[in-house]
Amino acid sequence: MTRNRLNRPEGARPGVGIIHLGLGAFFRAFGVPWIAESMQASGGNWGVVGVSLRSPTVRDALQPQGFAYTTAELAPEGENLRVIDALQDVLVAPEDPEEILRRMADPAVRLVTLTVTEKGYCHNPATGMLNPDHPDIRADLAGDLPKSTLGFIVRALERRRAAGRRPFTILSCDNLPNNGRLVRGVVLDLARRIDADLAAWIEAEGRFPSSMVDRIVPATKPEDIEKVQALAEYYDAAPVIHEPFRQWVIEDDFVDDMRPDLGAVGVQMVDDVTPYEHMKLRMLNGAHSSLAYIGYLSGHETIADATGDPVLAAFVNRLWVQEIIPALTPPPGVDLTGYADQLLARFRNPSIRHRTWQIAMDGSQKLLQRILSTLSENLDAGRPSPGLHLAVAAWMRYVGGVDESGNPIDVQDPLAEMLRAISDDHAGAEVARALLNVREIFSAELAGQLEPGTVAAFGRTLSLGAHGAAGEIG
Ligand code: CS2
(Lines give C-alpha, C1' and ligand atoms only; values in the text may rest on other atoms or scores of the structure.)
Protein backbone atom coordinates (compact mmCIF):
# COMPACT_ATOMS: atom_id res chain seq x y z
CA MET A 1 0.00 0.00 0.00
CA THR A 2 1.33 3.46 -0.83
CA ARG A 3 1.12 5.91 2.01
CA ASN A 4 1.69 9.63 2.30
CA ARG A 5 4.96 10.74 3.71
CA LEU A 6 4.86 12.12 7.24
CA ASN A 7 4.96 15.91 7.17
CA ARG A 8 5.57 18.49 9.82
CA PRO A 9 2.28 19.40 11.55
CA GLU A 10 1.12 22.99 10.91
CA GLY A 11 1.53 25.44 13.74
CA ALA A 12 3.77 28.05 15.31
CA ARG A 13 7.36 26.99 15.71
CA PRO A 14 9.37 27.78 18.80
CA GLY A 15 12.57 29.77 18.27
CA VAL A 16 15.81 27.82 18.33
CA GLY A 17 17.46 27.80 21.77
CA ILE A 18 19.43 24.55 21.63
CA ILE A 19 22.06 23.12 19.32
CA HIS A 20 22.43 19.38 19.72
CA LEU A 21 25.72 17.84 18.59
CA GLY A 22 25.64 14.14 17.61
CA LEU A 23 22.05 13.63 16.50
CA GLY A 24 21.50 9.87 16.82
CA ALA A 25 18.44 7.78 17.60
CA PHE A 26 18.96 8.18 21.34
CA PHE A 27 18.52 11.93 21.55
CA ARG A 28 15.61 11.90 19.11
CA ALA A 29 13.82 9.34 21.33
CA PHE A 30 14.81 10.95 24.63
CA GLY A 31 15.98 14.56 24.76
CA VAL A 32 13.96 16.11 21.93
CA PRO A 33 10.58 14.74 23.13
CA TRP A 34 11.35 15.74 26.70
CA ILE A 35 12.32 19.27 25.63
CA ALA A 36 9.11 19.44 23.55
CA GLU A 37 7.07 18.49 26.63
CA SER A 38 8.79 21.19 28.70
CA MET A 39 7.81 23.81 26.09
CA GLN A 40 4.22 22.55 26.12
CA ALA A 41 4.14 22.81 29.91
CA SER A 42 6.02 26.08 30.46
CA GLY A 43 6.69 27.70 27.07
CA GLY A 44 10.08 29.09 26.09
CA ASN A 45 11.99 29.13 22.84
CA TRP A 46 13.93 25.89 23.11
CA GLY A 47 13.54 24.51 19.61
CA VAL A 48 16.43 22.20 18.68
CA VAL A 49 18.80 22.25 15.72
CA GLY A 50 20.55 18.91 15.40
CA VAL A 51 24.05 18.47 14.05
CA SER A 52 25.21 15.19 12.53
CA LEU A 53 28.95 15.08 12.98
CA ARG A 54 29.65 12.69 10.12
CA SER A 55 27.02 11.43 7.77
CA PRO A 56 24.08 13.14 6.02
CA THR A 57 21.78 10.09 6.37
CA VAL A 58 19.51 11.43 9.13
CA ARG A 59 19.28 14.90 7.57
CA ASP A 60 18.43 13.41 4.18
CA ALA A 61 15.71 11.23 5.69
CA LEU A 62 14.18 13.98 7.82
CA GLN A 63 14.35 16.97 5.46
CA PRO A 64 11.43 15.85 3.23
CA GLN A 65 9.38 15.44 6.44
CA GLY A 66 10.11 18.97 7.68
CA PHE A 67 12.33 17.36 10.38
CA ALA A 68 9.31 15.80 12.09
CA TYR A 69 9.54 12.13 12.98
CA THR A 70 7.78 9.36 14.85
CA THR A 71 8.75 7.96 18.21
CA ALA A 72 7.42 4.43 18.70
CA GLU A 73 7.24 3.30 22.30
CA LEU A 74 7.23 -0.48 22.37
CA ALA A 75 5.94 -2.15 25.51
CA PRO A 76 5.05 -5.81 25.97
CA GLU A 77 1.39 -4.62 26.16
CA GLY A 78 1.48 -2.70 22.87
CA GLU A 79 2.75 0.33 20.96
CA ASN A 80 2.34 4.07 21.38
CA LEU A 81 3.27 6.32 18.46
CA ARG A 82 3.85 10.09 18.62
CA VAL A 83 4.97 12.67 16.11
CA ILE A 84 7.74 14.94 17.43
CA ASP A 85 8.18 18.38 15.89
CA ALA A 86 10.58 20.18 18.24
CA LEU A 87 13.50 19.52 15.88
CA GLN A 88 13.79 22.53 13.56
CA ASP A 89 16.67 21.63 11.30
CA VAL A 90 19.55 19.19 10.88
CA LEU A 91 23.01 20.27 9.74
CA VAL A 92 25.86 18.02 8.65
CA ALA A 93 29.17 19.13 10.16
CA PRO A 94 31.62 18.20 7.37
CA GLU A 95 29.40 19.86 4.73
CA ASP A 96 29.32 23.31 6.30
CA PRO A 97 31.25 23.81 9.54
CA GLU A 98 31.02 27.59 9.14
CA GLU A 99 27.22 27.49 9.23
CA ILE A 100 27.31 25.38 12.39
CA LEU A 101 29.62 27.87 14.13
CA ARG A 102 27.34 30.70 13.02
CA ARG A 103 24.31 28.98 14.56
CA MET A 104 26.19 28.12 17.76
CA ALA A 105 27.26 31.75 18.13
CA ASP A 106 23.66 33.02 17.80
CA PRO A 107 22.73 34.82 21.05
CA ALA A 108 19.33 33.06 21.10
CA VAL A 109 21.16 29.74 21.59
CA ARG A 110 21.74 29.23 25.30
CA LEU A 111 22.33 25.50 25.47
CA VAL A 112 24.48 23.00 23.58
CA THR A 113 23.58 19.38 24.30
CA LEU A 114 25.81 16.46 23.37
CA THR A 115 25.38 12.77 22.54
CA VAL A 116 28.63 12.13 20.75
CA THR A 117 29.33 8.71 22.37
CA GLU A 118 32.30 7.95 24.60
CA LYS A 119 34.87 8.28 21.82
CA GLY A 120 33.54 11.71 20.81
CA TYR A 121 35.33 13.35 23.74
CA CYS A 122 38.76 12.65 22.18
CA HIS A 123 40.09 11.71 25.60
CA ASN A 124 42.21 8.94 26.94
CA PRO A 125 39.67 6.62 28.62
CA ALA A 126 42.11 5.52 31.35
CA THR A 127 42.98 9.07 32.45
CA GLY A 128 40.05 11.24 31.30
CA MET A 129 42.52 13.74 29.76
CA LEU A 130 42.43 15.17 26.24
CA ASN A 131 44.35 13.09 23.71
CA PRO A 132 46.30 15.79 21.82
CA ASP A 133 47.35 13.22 19.20
CA HIS A 134 43.79 12.47 18.19
CA PRO A 135 43.63 13.21 14.43
CA ASP A 136 40.54 15.46 14.82
CA ILE A 137 42.18 17.47 17.61
CA ARG A 138 45.33 17.88 15.51
CA ALA A 139 43.17 19.13 12.66
CA ASP A 140 41.34 21.51 15.02
CA LEU A 141 44.62 22.97 16.21
CA ALA A 142 45.87 23.37 12.67
CA GLY A 143 42.89 25.31 11.25
CA ASP A 144 39.94 27.54 12.14
CA LEU A 145 37.13 25.30 10.92
CA PRO A 146 36.67 22.50 13.42
CA LYS A 147 36.22 18.79 13.00
CA SER A 148 35.77 17.49 16.53
CA THR A 149 32.92 18.21 18.91
CA LEU A 150 35.37 19.97 21.20
CA GLY A 151 36.62 22.08 18.30
CA PHE A 152 33.08 23.26 17.51
CA ILE A 153 32.46 24.15 21.14
CA VAL A 154 35.72 26.05 21.59
CA ARG A 155 35.53 27.94 18.27
CA ALA A 156 31.87 28.85 18.85
CA LEU A 157 32.66 30.12 22.35
CA GLU A 158 35.55 32.10 20.86
CA ARG A 159 33.09 33.86 18.53
CA ARG A 160 30.63 34.55 21.33
CA ARG A 161 33.34 36.05 23.48
CA ALA A 162 34.63 38.19 20.61
CA ALA A 163 31.06 39.46 20.04
CA GLY A 164 30.58 40.26 23.74
CA ARG A 165 27.94 37.53 24.17
CA ARG A 166 27.38 35.18 27.07
CA PRO A 167 28.58 31.58 26.68
CA PHE A 168 26.11 28.75 26.23
CA THR A 169 25.81 25.93 28.75
CA ILE A 170 27.27 22.60 27.62
CA LEU A 171 25.18 19.62 28.70
CA SER A 172 26.73 16.23 28.04
CA CYS A 173 24.17 13.42 27.73
CA ASP A 174 26.64 10.60 27.19
CA ASN A 175 27.12 7.55 29.38
CA LEU A 176 30.25 8.73 31.12
CA PRO A 177 30.71 9.35 34.83
CA ASN A 178 31.00 13.02 35.73
CA ASN A 179 30.33 13.78 32.10
CA GLY A 180 30.13 17.51 32.84
CA ARG A 181 33.52 17.55 34.51
CA LEU A 182 35.01 15.43 31.74
CA VAL A 183 33.81 17.71 28.94
CA ARG A 184 34.84 20.79 30.90
CA GLY A 185 38.36 19.38 31.29
CA VAL A 186 38.85 18.54 27.62
CA VAL A 187 37.24 21.79 26.38
CA LEU A 188 39.50 23.87 28.64
CA ASP A 189 42.55 21.89 27.59
CA LEU A 190 41.83 22.47 23.90
CA ALA A 191 40.99 26.14 24.53
CA ARG A 192 44.30 26.68 26.35
CA ARG A 193 46.14 25.37 23.32
CA ILE A 194 44.33 27.96 21.18
CA ASP A 195 44.10 31.04 23.39
CA ALA A 196 44.81 31.27 27.14
CA ASP A 197 42.46 34.25 27.64
CA LEU A 198 39.63 32.40 25.95
CA ALA A 199 40.27 29.41 28.23
CA ALA A 200 40.17 31.65 31.31
CA TRP A 201 36.85 33.16 30.17
CA ILE A 202 35.32 29.70 29.61
CA GLU A 203 36.62 28.57 32.99
CA ALA A 204 35.04 31.53 34.75
CA GLU A 205 31.79 31.93 32.82
CA GLY A 206 31.03 28.53 31.26
CA ARG A 207 28.81 25.91 32.84
CA PHE A 208 29.04 22.16 32.29
CA PRO A 209 26.36 20.38 34.31
CA SER A 210 26.68 16.60 34.60
CA SER A 211 23.70 14.47 33.72
CA MET A 212 22.50 10.88 33.86
CA VAL A 213 20.37 9.76 30.92
CA ASP A 214 18.47 6.52 30.61
CA ARG A 215 16.23 5.05 27.94
CA ILE A 216 16.91 1.95 25.85
CA VAL A 217 16.85 3.01 22.19
CA PRO A 218 18.20 0.42 19.76
CA ALA A 219 19.39 1.63 16.36
CA THR A 220 16.42 1.83 13.96
CA LYS A 221 16.42 -1.23 11.68
CA PRO A 222 14.63 -1.61 8.32
CA GLU A 223 12.02 -3.83 9.99
CA ASP A 224 11.29 -1.02 12.49
CA ILE A 225 10.53 1.35 9.62
CA GLU A 226 8.15 -1.26 8.22
CA LYS A 227 6.54 -1.77 11.60
CA VAL A 228 5.89 1.96 12.04
CA GLN A 229 4.53 2.12 8.50
CA ALA A 230 2.11 -0.71 9.30
CA LEU A 231 0.91 1.04 12.47
CA ALA A 232 0.77 4.66 11.25
CA GLU A 233 -1.20 6.36 8.52
CA TYR A 234 1.91 7.65 6.80
CA TYR A 235 5.43 6.63 5.82
CA ASP A 236 8.28 7.85 8.03
CA ALA A 237 11.81 7.28 6.69
CA ALA A 238 13.46 7.75 10.08
CA PRO A 239 11.32 6.78 13.07
CA VAL A 240 12.91 5.90 16.40
CA ILE A 241 12.01 2.91 18.57
CA HIS A 242 12.22 2.99 22.36
CA GLU A 243 11.10 1.37 25.59
CA PRO A 244 8.55 3.08 27.90
CA PHE A 245 11.07 3.78 30.69
CA ARG A 246 13.00 7.04 30.84
CA GLN A 247 15.02 8.87 33.48
CA TRP A 248 17.00 12.11 33.20
CA VAL A 249 18.85 13.53 36.18
CA ILE A 250 20.62 16.87 35.64
CA GLU A 251 22.89 18.93 37.84
CA ASP A 252 21.09 22.27 38.06
CA ASP A 253 23.92 24.59 37.03
CA PHE A 254 23.30 26.62 33.85
CA VAL A 255 24.72 29.90 32.52
CA ASP A 256 22.38 32.66 33.81
CA ASP A 257 19.92 29.90 34.81
CA MET A 258 18.82 29.72 31.19
CA ARG A 259 17.30 26.32 30.49
CA PRO A 260 14.06 24.66 29.40
CA ASP A 261 11.72 23.95 32.32
CA LEU A 262 12.51 20.25 32.35
CA GLY A 263 11.82 19.97 36.07
CA ALA A 264 8.12 20.63 35.31
CA VAL A 265 7.88 17.46 33.22
CA GLY A 266 9.60 14.89 35.38
CA VAL A 267 13.31 15.50 34.81
CA GLN A 268 15.13 15.39 38.16
CA MET A 269 17.11 18.62 38.67
CA VAL A 270 19.56 17.92 41.50
CA ASP A 271 22.71 19.25 43.19
CA ASP A 272 24.71 16.03 42.81
CA VAL A 273 24.25 13.53 39.99
CA THR A 274 27.04 11.19 41.11
CA PRO A 275 24.98 8.51 42.91
CA TYR A 276 22.53 8.35 40.00
CA GLU A 277 25.34 8.10 37.44
CA HIS A 278 27.07 5.34 39.33
CA MET A 279 23.88 3.37 39.79
CA LYS A 280 22.96 3.60 36.11
CA LEU A 281 26.39 3.16 34.55
CA ARG A 282 27.36 0.25 36.76
CA MET A 283 24.02 -1.55 37.03
CA LEU A 284 22.40 -0.95 33.64
CA ASN A 285 25.37 -0.36 31.37
CA GLY A 286 27.66 -2.73 33.30
CA ALA A 287 25.12 -5.53 32.92
CA HIS A 288 24.46 -4.54 29.30
CA SER A 289 28.12 -4.79 28.35
CA SER A 290 28.59 -8.04 30.29
CA LEU A 291 25.57 -9.57 28.57
CA ALA A 292 26.68 -8.17 25.21
CA TYR A 293 30.05 -9.99 25.25
CA ILE A 294 28.98 -13.16 27.03
CA GLY A 295 25.65 -13.19 25.16
CA TYR A 296 27.25 -12.66 21.76
CA LEU A 297 29.75 -15.45 22.37
CA SER A 298 26.86 -17.67 23.52
CA GLY A 299 25.06 -17.10 20.22
CA HIS A 300 22.42 -14.61 21.44
CA GLU A 301 21.49 -11.88 19.00
CA THR A 302 19.71 -9.55 21.43
CA ILE A 303 19.66 -8.63 25.12
CA ALA A 304 16.09 -9.96 25.33
CA ASP A 305 17.33 -13.32 24.00
CA ALA A 306 20.30 -13.33 26.40
CA THR A 307 18.15 -12.60 29.45
CA GLY A 308 15.63 -15.19 28.26
CA ASP A 309 18.43 -17.74 28.72
CA PRO A 310 18.09 -19.00 32.33
CA VAL A 311 21.86 -19.39 32.73
CA LEU A 312 22.57 -15.79 31.73
CA ALA A 313 19.58 -14.44 33.70
CA ALA A 314 20.94 -16.13 36.84
CA PHE A 315 24.41 -14.83 36.01
CA VAL A 316 23.31 -11.20 35.64
CA ASN A 317 21.22 -11.36 38.76
CA ARG A 318 24.18 -12.59 40.74
CA LEU A 319 26.29 -9.85 39.20
CA TRP A 320 23.89 -7.18 40.46
CA VAL A 321 23.21 -8.59 43.90
CA GLN A 322 26.63 -9.87 44.90
CA GLU A 323 29.09 -7.78 42.94
CA ILE A 324 27.66 -4.43 41.85
CA ILE A 325 25.12 -3.35 44.51
CA PRO A 326 27.52 -3.88 47.46
CA ALA A 327 29.92 -1.33 45.90
CA LEU A 328 27.23 1.37 45.38
CA THR A 329 25.82 4.19 47.48
CA PRO A 330 22.14 4.36 46.50
CA PRO A 331 20.69 7.71 45.41
CA PRO A 332 18.26 9.20 47.95
CA GLY A 333 15.19 6.99 48.37
CA VAL A 334 16.23 4.34 45.82
CA ASP A 335 16.09 0.61 46.57
CA LEU A 336 18.82 -0.92 44.42
CA THR A 337 17.39 -4.45 44.56
CA GLY A 338 14.11 -3.11 43.19
CA TYR A 339 16.09 -1.21 40.54
CA ALA A 340 17.78 -4.50 39.52
CA ASP A 341 14.40 -6.25 39.23
CA GLN A 342 13.15 -3.42 37.06
CA LEU A 343 16.26 -3.64 34.86
CA LEU A 344 15.74 -7.34 34.25
CA ALA A 345 12.14 -6.66 33.19
CA ARG A 346 13.35 -3.87 30.86
CA PHE A 347 16.02 -6.11 29.34
CA ARG A 348 13.39 -8.81 28.76
CA ASN A 349 11.00 -6.51 26.85
CA PRO A 350 10.46 -8.75 23.80
CA SER A 351 9.57 -5.83 21.50
CA ILE A 352 12.96 -4.15 21.94
CA ARG A 353 15.43 -6.05 19.78
CA HIS A 354 18.63 -4.49 21.06
CA ARG A 355 21.52 -6.33 19.49
CA THR A 356 24.38 -7.62 21.61
CA TRP A 357 26.65 -6.62 18.72
CA GLN A 358 25.49 -2.99 18.95
CA ILE A 359 26.17 -2.75 22.69
CA ALA A 360 29.52 -4.55 22.26
CA MET A 361 30.80 -1.62 20.14
CA ASP A 362 33.52 0.65 21.50
CA GLY A 363 34.23 -1.53 24.51
CA SER A 364 37.67 0.07 24.96
CA GLN A 365 35.85 3.33 25.75
CA LYS A 366 33.17 1.76 27.94
CA LEU A 367 34.85 -0.84 30.16
CA LEU A 368 36.26 1.50 32.79
CA GLN A 369 33.08 3.22 33.94
CA ARG A 370 30.82 0.21 33.40
CA ILE A 371 32.84 -2.70 34.79
CA LEU A 372 36.41 -1.93 35.84
CA SER A 373 35.62 0.72 38.49
CA THR A 374 33.34 -1.67 40.35
CA LEU A 375 35.81 -4.50 39.95
CA SER A 376 38.68 -2.44 41.31
CA GLU A 377 36.63 -1.27 44.32
CA ASN A 378 35.59 -4.85 45.02
CA LEU A 379 39.19 -6.05 44.90
CA ASP A 380 40.17 -3.27 47.33
CA ALA A 381 37.37 -4.36 49.65
CA GLY A 382 38.28 -8.05 49.34
CA ARG A 383 34.91 -8.83 47.70
CA PRO A 384 35.06 -11.72 45.20
CA SER A 385 33.96 -10.71 41.69
CA PRO A 386 34.00 -13.75 39.44
CA GLY A 387 31.20 -12.33 37.28
CA LEU A 388 32.94 -9.04 36.54
CA HIS A 389 36.22 -10.83 35.83
CA LEU A 390 34.33 -13.03 33.39
CA ALA A 391 32.82 -9.96 31.71
CA VAL A 392 36.32 -8.56 31.12
CA ALA A 393 37.51 -11.96 29.88
CA ALA A 394 34.55 -12.21 27.48
CA TRP A 395 35.41 -8.75 26.11
CA MET A 396 38.97 -10.05 25.57
CA ARG A 397 37.65 -13.03 23.65
CA TYR A 398 35.33 -10.79 21.64
CA VAL A 399 38.03 -8.33 20.51
CA GLY A 400 40.07 -11.31 19.29
CA GLY A 401 37.64 -11.11 16.37
CA VAL A 402 36.72 -14.81 16.14
CA ASP A 403 33.71 -16.36 17.89
CA GLU A 404 33.67 -19.72 19.64
CA SER A 405 32.67 -21.54 16.45
CA GLY A 406 35.53 -19.96 14.50
CA ASN A 407 33.39 -17.36 12.69
CA PRO A 408 34.68 -13.79 12.28
CA ILE A 409 33.27 -11.06 14.53
CA ASP A 410 32.81 -7.55 13.11
CA VAL A 411 34.49 -5.72 16.01
CA GLN A 412 33.72 -1.98 16.01
CA ASP A 413 36.10 -0.11 18.27
CA PRO A 414 38.60 2.72 17.81
CA LEU A 415 41.28 0.32 19.10
CA ALA A 416 39.99 -2.71 17.16
CA GLU A 417 43.08 -3.17 15.01
CA MET A 418 45.49 -2.96 17.90
CA LEU A 419 43.42 -5.30 20.06
CA ARG A 420 43.15 -7.81 17.24
CA ALA A 421 46.90 -7.74 16.61
CA ILE A 422 47.65 -8.33 20.30
CA SER A 423 45.26 -11.28 20.36
CA ASP A 424 46.78 -12.74 17.20
CA ASP A 425 50.32 -12.43 18.55
CA HIS A 426 49.66 -14.40 21.73
CA ALA A 427 48.26 -17.77 22.65
CA GLY A 428 46.07 -19.15 25.44
CA ALA A 429 45.89 -17.16 28.65
CA GLU A 430 48.83 -14.99 27.48
CA VAL A 431 46.28 -13.11 25.37
CA ALA A 432 44.66 -11.84 28.57
CA ARG A 433 47.99 -10.79 30.08
CA ALA A 434 48.94 -8.94 26.93
CA LEU A 435 45.60 -7.14 26.66
CA LEU A 436 45.94 -5.95 30.27
CA ASN A 437 48.98 -4.02 29.03
CA VAL A 438 46.87 -1.74 26.83
CA ARG A 439 47.40 1.44 28.82
CA GLU A 440 44.62 3.37 27.07
CA ILE A 441 42.25 1.11 29.04
CA PHE A 442 44.08 -0.36 32.03
CA SER A 443 46.46 1.72 34.13
CA ALA A 444 49.51 -0.25 35.30
CA GLU A 445 48.09 -0.36 38.81
CA LEU A 446 44.67 -1.56 37.69
CA ALA A 447 46.22 -4.21 35.42
CA GLY A 448 48.25 -5.58 38.32
CA GLN A 449 45.16 -5.71 40.48
CA LEU A 450 43.05 -7.47 37.83
CA GLU A 451 45.58 -9.93 36.49
CA PRO A 452 45.06 -13.06 38.63
CA GLY A 453 41.25 -13.05 38.41
CA THR A 454 40.96 -11.94 34.80
CA VAL A 455 43.59 -14.35 33.46
CA ALA A 456 41.87 -17.22 35.33
CA ALA A 457 38.47 -16.19 33.94
CA PHE A 458 39.92 -15.98 30.44
CA GLY A 459 41.25 -19.52 30.87
CA ARG A 460 37.77 -20.72 31.86
CA THR A 461 36.25 -19.18 28.73
CA LEU A 462 38.81 -21.16 26.72
CA SER A 463 37.98 -24.47 28.38
CA LEU A 464 34.23 -24.09 29.00
CA GLY A 465 33.14 -21.40 26.55
CA ALA A 466 31.73 -18.09 27.79
CA HIS A 467 28.32 -19.64 28.44
CA GLY A 468 29.78 -22.55 30.39
CA ALA A 469 31.92 -20.18 32.44
CA ALA A 470 28.85 -18.02 33.21
CA GLY A 471 26.92 -21.14 34.24
CA GLU A 472 29.64 -22.03 36.74
CA ILE A 473 29.24 -18.64 38.39
CA GLY A 474 25.47 -18.00 38.22
C1 CS2 B 1 23.98 0.59 25.80
C2 CS2 B 1 23.33 1.95 26.06
O3 CS2 B 1 24.80 0.69 23.59
C4 CS2 B 1 25.10 0.66 24.78
O5 CS2 B 1 26.27 0.65 25.15
O6 CS2 B 1 24.43 0.06 27.00
O7 CS2 B 1 23.10 2.64 24.89
C8 CS2 B 1 22.03 1.81 26.86
O9 CS2 B 1 21.03 1.20 26.10
C10 CS2 B 1 21.54 3.14 27.38
O11 CS2 B 1 22.55 3.74 28.12
C12 CS2 B 1 20.27 2.97 28.22
O13 CS2 B 1 20.00 4.17 28.86
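**Exercise 1. The second largest pocket**

Task: In this predicted model, find which helix gives the most to the lining of the second largest pocket, then list the residues that line that pocket.

Solution. Start with the helix: H15 gives the most to this lining, with three residues. H15 covers residues 363-380. Finish with the volume: the second largest pocket holds about 230 Å³ of space.

**Exercise 2. The largest cavity and His354**

Task: How many cavities of 30 Å³ or more turn up in the whole structure, and which residues line the largest cavity?

Solution. First the count: the search finds two. The largest cavity has about 50 Å³ of space. Its lining is made of Ile216, His288, Ile303, Ala304, Arg346, Phe347, Asn349, Ile352 and His354. H11 and H13 are the elements that give two or more residues to that lining.

Now zoom in on His354, one of the lining residues. His354 sits in the loop between H13 and helix H14 (356-360). Buried or exposed? The cut-off for buried is under 20% relative accessible area, and His354 comes in at 9%, so it counts as buried. Leaving out residues up to four places away in sequence, His354 touches Ile216, Pro218, His288, Glu301, Thr302, Ile303 and Ile359.

**Exercise 3. Two strands, S6 and S8**

Task: Which residues of S6 sit on each face, and in which sense do S8 and S10 pair, parallel or antiparallel?

Solution. Keep this in mind: in a regular strand, side chains alternate between the two faces of the sheet. In S6 (residues 111-114), Leu111 and Thr113 are on one side, Val112 and Leu114 on the other, and all are buried. Then look at the neighbours. S1 (residues 16-21) runs parallel to S6 and is joined to it by four bridges. S7 (residues 169-172) is also parallel to S6, again with four bridges. Val112 makes a handy landmark: Ile19 stands opposite it, and Val112 itself stands opposite Ile170 in S7.

On to S8 (residues 211-214). Ser211 and Val213 point one way, Met212 and Asp214 the other way, and all are buried. S8 pairs with S10 (residues 247-251) in the antiparallel sense, over four bridges. Asp214 stands opposite Gln247 in S10.

**Exercise 4. Helices H12 and H16**

Task: Check the span of H12 against the expected value, then say how many residues of H16 are buried.

Solution. H12 (residues 310-324) has 15 residues and reaches 20 Å between its end C-alpha atoms, close to the 21 Å expected at 1.5 Å a residue. At its start, a side-chain oxygen of Asp309 comes to within 2.9 Å of the backbone nitrogen of Val311. The buried residues of H12 include Leu312, Phe315, Arg318, Trp320 and Glu323. Among the elements covering the buried residues are H10, H11, H13, H15, H16 and H19.

Now H16. Its 14 residues should span 20 Å at 1.5 Å a residue, and the end C-alpha atoms are 20 Å apart, which agrees. Of those 14 residues, 13 are buried, so H16 is largely enclosed by the rest of the structure. Just after H16, Gly401 takes a positive phi of about 85 degrees.

Technical notes: Residues numbered from 1 in each chain as written. Predicted model: local features only at pLDDT ≥ 70, side-chain atom pairs only at ≥ 80, totals over all residues. Heavy atoms only, no water. Buried < 20%, exposed > 50% of the residue type's maximum accessible area, 1.4 Å probe, protein only. Pairing = 2+ DSSP bridges. Expected span 1.5 Å × (residues − 1). Contact = heavy atoms within 4.5 Å. Polar contact = N/O pair within 3.5 Å; in protein donor to acceptor, adjacent residues only side chain to side chain. 1 Å grid on protein atoms, 1.4 Å probe; cavity = no way out; pocket = protein on both sides within 12 Å on 5 of 7 lines; lining within 4 Å. Points joined across faces, edges and corners; volume = space filled by probe spheres on them.
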